[in-house]
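Reader: Can you walk me through this one? I'd like to begin with the core.

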Amino acid sequence: MTKAILIDTTLCTACRACQVACKQWHDLPAEQTTNVGSFQNPQDLSDRTYKLVRMTETVIENRLKWLFFPDQCRHCLDAPCLSMAVDESAIYRDDLTGAILYTRNTRHLDPEEINVSCPYDIPRAGNDGIIAKCDFCNDRIHNGLKPACVTACPTGAMQFGDREDILSMADDRLKRVRKKFPGASLLNPDEVSVIYLVAFDPSVYSDYAVAQAHQGRGGISRSVALRKMIGPLARMMHIG
Amino acid sequence: MTNHWIDLKNSDCILIMGSNAAENHPISFKYVTQAMENGATLINVDPRFTRTSARADIYTALRSGTDIAFLGGMIKYILDNNLYNHEYTAEYTNAGFIVGKAFGFNDGLFSGYKKNEEGPSMGSYDKSTWAFEMDADGVPKIDRTLKHDRCVFQLMKKHYERYDLETVSRITGTSKQDLLTVYKTYSATGKKGQAGTIMYAMGWTQHTVGTQMIRTMAMIQLMLGNMGVAGGGVNALRGESNVQGSTDHCLLWHIWPGYLKIPQSSNDSLDAYNKAYTPVSKDPLSANWWQNYPRYSVSLLKAFFGEAATRDNQFGYNWLPKVDDGKVYSWFDLFDAMYKGNIKGFFAWGQNPACSGSNASKIREALGKLDWMVNTNIFDNETGSFWKGPGMDPSKIGTEVFMLPAAVSVEKEGSITNSGRWMQWRYQGPRPLGNSMPDGDIIMRLGHKIKELYQSSGEFADPIINLKWDYETHGEFDAHKAAKAINGTFTQDTTIKDKVYKKGALVPSFALLQADGSTASGNWLYCNSYTEKGNMAARRSDKDAPNNIGLYPEFAWCWPVNRRIIYNRASVDLKGQPWDEKDWVIRYQGQVDDGKYVSGKWVGDVPDGGWSPMQNPDGTRRTDTKHPFIMRKHGHGQIFGPGRADGPFPEHYEPLECPVEKNYLSSVMVNPTAVVYSTKADAHATYDPRFPFVGTTYRVSEHWQTGLMTRPQEWLMELQPSMFVEMSEELAKLRGIRNGERVKVASIRGALEATAIVTKRFKPFKIGPDTVHEIGIPWHFGWRWPETGTEETANLLTPPAGDPNTRIPETKAFMVNVTKL
């Protein structure tokens, strides 16, 4: 049975314990940030920031909302980055947990390609060319622990468990949350292992809250376009 | 907290006002969330939309410093709409007490006011004019129908008649519609079986009317029957993990451990001292628990001086220092004295006054007038390094500074007491690094050295030489020995109710403490925490009490006597049955014969005294009972509070620095008993065009206190890297400020740089005819770190004014200007 995380954003207080717990478990260095006029920091994910609480101020139906979205890799069931890489020594899936894992060998991949393949805009390369992102705390899971972010969450906004249990919990939560927020939805629950519950239009929380085809960080290149086209084929060949 | 953290989950309506629980007490939201999942409504009132507001069902803003007007309006609403719990209000509160004819209130002043010619206190009241009328036996006259025109209930009604929606809205800037929504929602908890709770913190305490803000809410809680019940109470979210413990153990100048009073010079003998502070009630139905005062004070002296404390030497009472009558020694006053050159030596122990004290520039200047300072802390800070700080010339500063490196909390064994009064034992993790030491060891060594020096010479050496100083094992501080001394021991073989307690045995409960020297106890309130059964604070059972409301009575220990919800005898009706059948706290299980209880016992939480209920099942009154508020002299919850410095009813006054020309409720502008300092370093400016915006200070999740522990932590600095100022889009437009740009924030006392966060979460207020802007700044920064030295503390701007009851500074409402750099 693979694992899953439910992130119920209606319970998140943006305390950002998850963001720090992630850095602590992975021993990731801090980024030199500046305050750009927002509580959100850093401004984006990076090879040293796998988890980031995105914060958005917006007015919905004449009421001010401050929306919090703890962004991270979704660990797709059918991961496009994995298909794109076609190199098990760089990107592979742990079939026991469902974690999509990146190794140092990602330095041989085209980071632009891998990023653009991700419908959630997650993977980032460092200066050393190694591509990095959330690893589902796979080492913790194999040792009977929950992911660091889930453990640190004070409100229960993040839940971890067997996929089936989390899916049923997600359905229950959605029913409850809809009583207060009729427009609430689960984001791509059938496609990912990290399932978000949001109260409003997901695009308000983050451009990539739901799966989006995108142009990448420097526009789409010809080779990327080509890879995108043949990706599914390549993957089939790989499985075969 | 009268209740405790887990108990928040039992609430039906949570009001978060004067605190920002989601950001500053993140774990509390575990229980707030549980309450909401069970259908509770969350209301948040705050000048600024915060991460707490983001989760609230109802959010509205008010101008900083106007909470009494806001809540006074709620009192009027509750009375006008008859929403209070009638039985509770009449029977358990002093609503029916008749106030003497001398009491009056006119245009913002209560009877008995006298202006002070010399500061810092602006004035004081002769409180004898607020006294209750007594019958021939010396028992207060009570009209439980609440109709007498001088009863507290009627006086309260008259007092808050003026707090109509129109006036309240004009003062607070909150719309009438929003006021009504909050009033209606919260007042619904006056129904039997419904519980409302308040979570407040420094947003209420840090005002010149801070104590009265909390009292206004306490009055509401009493009227709605929310005191003593599960999911109710008045809950102070303390600002540090162990600030409750430090208060209980007398960190403050005016109390001894367990809230005993500091002796004054006129209390010239132990008998005089005990007589002055032991209340006397003539009402046979009043437990008047403080009548036990001498048992606690004598036991404390025995703990201080051990065998040397004898009846003949008044148990060492005269060895203790006394404060001068009428003189105040609060934080403000100490630094005022230091500034004036009257204090020459200073231990800054686990604190950072150069950043944490209001009007911090004055404090920094004061530190330069010392001969010596010892800075005991885990890191160097702005206090220890004040002499090389901004604007300082080290060659002109004579203060010699010593640094004593202290161990961090996880390197020490001992207890902390959390906001919910839970004393929780912690084991030692790693040993302290380098030459750092636990505070216990530092103070033990210091004590030994001082004793050694006094053995040979020194004025009035007796107190030092006779001080019991034996809390070590193998030369190291032993937290267990200290904890046992705090709990207390029998000093001789003692027989109480046919039971023999051996000399040296731990006292099982404060009910057994004695005034004859046969017991010693370092803090009566903690007696029961470390007994012959073991260290109660170290217990970790997850078994709940029979009422299943999350009391977990065998997890840690809580004062008093492990009572998890205090005033819980008010959670039941007169017959001892809970107002709330579902989330009951205690209930009386009695054998009934002919409509009368003939025997019985309380079940659930530890009751506030084991007396039988006030009435029998047939409604007849019992005589073997006590009123439920046992710590009050007359046994009743105090809607009328004649003990406060600034009046028996809370009244709205403007902050010392405010944006309005007049107080819309009276011609008295500022709390007439506020404390205001007046050296040349103590300027203030009110309704002054140079400082047109309201300023307030607060914390963020990502930093802690003055940032000493969090600013060197890179993962936290990544989240909140610098000093910032939050302001509305409207104000930014007015000043031509762009989001993210560095700006100057100034008050009449100082200025600092900050990054502008232009946000929809602040909105201008409509106050009378004026538009009033408010800005907010965090107080976690200081020049010492980050290395740029540009990020300074908010307390350079905050005012030299405080609450008359507590002298807590008014750092939540003052006036500033914001300009482009």
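Author: This is a predicted model. Its largest nonpolar core has 71 residues, and M156(B) and F649(B) have the most contacts inside it.

Reader: Which helix gives the most to this core?

Author: Helix α3 of chain B, residues 67–80, with nine residues.

Reader: And what is F649(B) in contact with, leaving aside its neighbours within four places in sequence?

Author: The list includes F103(B), F110(B), V152(B), L155(B) and M156(B).

Reader: How many residues are in the second core?

Author: That separate core has 45 residues, including L300(B), A309(B), A483(B) and Y501(B).

Reader: Now the interface. How many residues does the contact take from chain A and from chain B?

Author: Chain A gives 39 residues and chain B gives 39 residues. The two chains bury about 3100 Å² between them, with 56% of that on carbon and sulfur atoms. On the chain A side, N35(A), F39(A) and W66(A) supply 22% of the area buried against chain B, more than any other three residues.

Reader: How many salt bridges between chain A and chain B?

Author: Six. R173(A) and E37(B) meet in a salt bridge through their side chains, at 2.5 Å from N to O.

Reader: Switching to α13 of chain B. Which residues are buried there?

Author: In this helix, residues 331–339, the buried ones are F332(B), D333(B), F335(B), D336(B), M338(B) and Y339(B). Their cover includes β12, α14, α15 and β36 of chain B. After α13(B) comes G341(B), with a positive phi near 85°.

Reader: Where are the cis peptide bonds?

Author: One joins N41(A) and P42(A), with omega about -10°. P42(A) sits in the loop between α1 and β2 of chain A. Another runs from W785(B) to P786(B), with omega near 5°, and P786(B) is in the loop between β35 and β36 of chain B.

Reader: What about phi of N188(A)?

Author: It is positive, about 45°, although N188(A) is not a glycine. N188(A) is in the loop between β9 and β10 of chain A.

Reader: Is N188(A) buried or exposed?

Author: Buried, because its relative accessibility is 17% and the cut-off is under 20%.

Reader: Last topic, the surface. Which residues form the nonpolar patch?

Author: F347(B), W372(B), F402(B) and L404(B), with about 320 Å² of accessible area together. W372(B) is in strand β13 of chain B and is partly exposed, at 34% relative accessible area.

Key. Residues are numbered from 1 along each chain as its sequence is written. Chains are lettered from A and ligands numbered from 1 in the order in which they are written. This is a predicted model: local features need pLDDT of at least 70, side-chain atom pairs count only at pLDDT 80 or more; totals for chains, interfaces and linings use all residues. Side-chain values use heavy atoms; hydrogens and water are left out. Patches are made of residues with over 30% relative accessible area and no salt bridge: like charges are joined within 9 Å, nonpolar side chains (Val, Leu, Ile, Met, Phe, Trp, Tyr) within 5 Å. Accessible areas come from the Shrake-Rupley method with a 1.4 Å probe; for residues, only the protein chains shown count as cover. A salt bridge is a side-chain nitrogen of Lys or Arg within 4 Å of a carboxyl oxygen of Asp or Glu. Helices (H or I, at least four residues) and strands (E, at least two) are DSSP runs, numbered from the N terminus. Buried means under 20% relative accessible area, exposed over 50%, partly exposed in between (1.4 Å probe, protein chains only). A nonpolar core is a set of buried Ala, Val, Leu, Ile, Met, Phe, Trp, Tyr and Cys residues joined through side-chain atoms within 4.5 Å. Contact means heavy atoms within 4.5 Å. Buried area is the accessible area (1.4 Å probe) that two parts lose on being put together, summed over both.
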